Amino acid sequence: MKIRDMFAEDINRPINGVIKVDQNSGDVVWQEVKEYVITRELKKHFISFFDYYSEAFDTPTADIGVWISGFFGSGKSHFLKMLSYILENRKIGGVSTVEMFRQKFQDDPGTFMLIDKSTRGQTETILFNIDIEGSIHKDKTAVLRVFAKMFYTHLGFYGENLKVAMLEQYIEQQGRTEEFRRVFEQKKGKPWVDQRKAIAFNGNYIVPTLVEVLGMSEEDAKRWFHDKTEVDFSIASLVADIRAYVDTRPGDFWLLFMIDEVGQYVGTDTDMLLNLQSIIEKIGSECGGRVWVMCTGQEAIDEIIKVRADEFSRIQARFKSRLSLSSSSADEVIQKRILKKKPEAEEALEHLYGKNDSVLRNLFTFTNAVLDIRGYSGPNEFAVNYPFVPYQFLMMQKVL
């Protein structure tokens with residue numbers, strides 16, 4: 001039997017080495033969920049998170065912040081993405097995410113019950129990488145503006161430009177969205193959603209559309225169009241809009257902001273840290289536990305604020321649930337996702353080990369080596385790791 005024919009999955013299939021939260025095409029999502037490996041360490045984090053999260057269904061809480069930390073390669077972005085899929089319980093290839101995870105928790109029905117309980121209601125997730133979506137011009141309201149951009153985009157408005165988003169929101173509140181888009185397209189000859197990003201070049205069509213649909217005077221419509229002042233915006237106004245949106249949904253509806261690389265984006269910037277803290281505090285107090293904020297960062301939250309910890313105890317308090325991932329289980333992921341063998345291959349390899357037991361022990365016995373530098377412990381470990389030797393996982397990880 002050739003090595004390439006031993007594996008349960010095609011060894012030549014494309015595998016994303018780095019998980020990106022903005023990759024959401026159907027085939028990518030299917031592979032990510034299907035091949036997601038819940039290691040012993042990850043299982044502890046799933047238990048910790050869902051135990052905390054599911055409690056809020058029975059007892060509403062204002063402590064809606066979750067911080068997931070871990071250095072490059074620890075799988076924090078992948079973990080956040082999987083939580084997003086599970087909590088939204090989106091259909092993947094016609095199968096719900098929760099059902100795909102049922103078999104991953106076959107040996108732990110208690111944890112699966114918590115997961116199942118957490119997905120019985122309706123949940124929408126807003127998943128994004130803040131370093132990609134945020135402005136390169138960071139000021140003390142940078143975090144607020146990213147939250148606003150992603151929330152209004154989620155509602156179908158043009159979040160890239162808050163002036164346009166506010167207009168669209170007002171039109172929606174008047175129940176005139178379809179009419180506005182129809183009239184604009186009649187005048188311009190192109191759909192509004194394709195032209196709104198070029199608002200500066202469409203004044204001749206936007207102004208008469210506002211006059212016709214909203215009953216504005218031409219003078220007022222022109223004044224709005226030519227007004228270049230920045231939109232007056234605050235945490236209170238954003239949270240009020242979030243609360244208003246949640247209130248229009250059923251009682252079992254939850255909205256989740258799931259934000260990757262927050263730690264890298266805010267760093268130790270005092271203003272942005274306070275901005276983040278204020279947003280989470282306001283959401284927690286106003287939304288009755290139906291809106292959550294989950295963030296990832298390479299550093300633990302207490303590491304970020306260590307420089308001036310006396311001023312940031314309140315920020316720590318906003319993230320009651322803190323999960324710290326490590327890359328110590330990389331070998332387990334490789335074994336289960338890439339090196340998993342067909343039953344007949346496992347049997348053949350175990351038989352091969354039995355015939356060469358003493359030779360293999362002599363080859364991979366290292367004198368004066370640290371405990372991690374070791375060979376095979378027996379036929380089962382040989383079959384699981386082949387064609388690698390256990391110490392090579394550690395070696396490759398440290399080299400890379």
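User: Where is Pro-387 found?

Analyst: This is a predicted model, in which local features need pLDDT of at least 70, side-chain atom pairs count only at pLDDT 80 or more, and totals for chains, interfaces and linings use all residues. Residues are numbered from 1 along each chain as its sequence is written, and side-chain values use heavy atoms, with hydrogens and water left out. Helices (H or I, at least four residues) and strands (E, at least two) are DSSP runs numbered from the N terminus. Pro-387 is found in the loop between α21 and α22 (390-399). The peptide bond that leads from Tyr-386 to Pro-387 is cis, with omega near 10 degrees.

User: How many helices and strands does the protein chain have?

Analyst: The protein chain comes to 22 helices and seven strands. Its C-alpha trace spans about 90 × 55 × 40 Å along the principal axes.

User: Is Glu-261 buried or exposed?

Analyst: Buried means under 20% relative accessible area, exposed over 50%, and partly exposed in between (1.4 Å probe, protein chains only). Glu-261 counts as buried because its relative accessibility is 12%. Glu-261 sits in the loop between β5 (253-260) and α14 (262-266), and has a positive phi of about 65 degrees although it is not a glycine. Asn-89, in the loop between α3 (76-88) and β2 (91-92), also has a positive phi, near 50 degrees. With 25% relative accessibility, Asn-89 counts as partly exposed. Of the 400 residues in the protein chain, 44% are buried.

User: How many disulfides does a search of the whole structure find?

Analyst: A disulfide is a covalent bond between the sulfur atoms of two cysteines. The criterion is a pair of cysteine sulfur atoms within 2.5 Å. The search of the whole structure finds zero.

User: Which residues form a negative surface patch?

Analyst: Patches are made of residues with over 30% relative accessible area and no salt bridge, with like charges joined within 9 Å and nonpolar side chains (Val, Leu, Ile, Met, Phe, Trp, Tyr) within 5 Å. A salt bridge is a side-chain nitrogen of Lys or Arg within 4 Å of a carboxyl oxygen of Asp or Glu. Here Glu-344, Glu-346, Glu-347 and Glu-350 form a negative patch. Glu-347 is in helix α19 (residues 343-355) and, at 60% relative accessibility, counts as exposed.

Definitions and conventions:
Areas by Shrake-Rupley, 256 points an atom, 1.4 Å probe, with all protein chains shown as cover. Lys, Arg positive; Asp, Glu negative; His and termini not counted. Charge placed at Lys NZ, Arg CZ, Asp CG, Glu CD.
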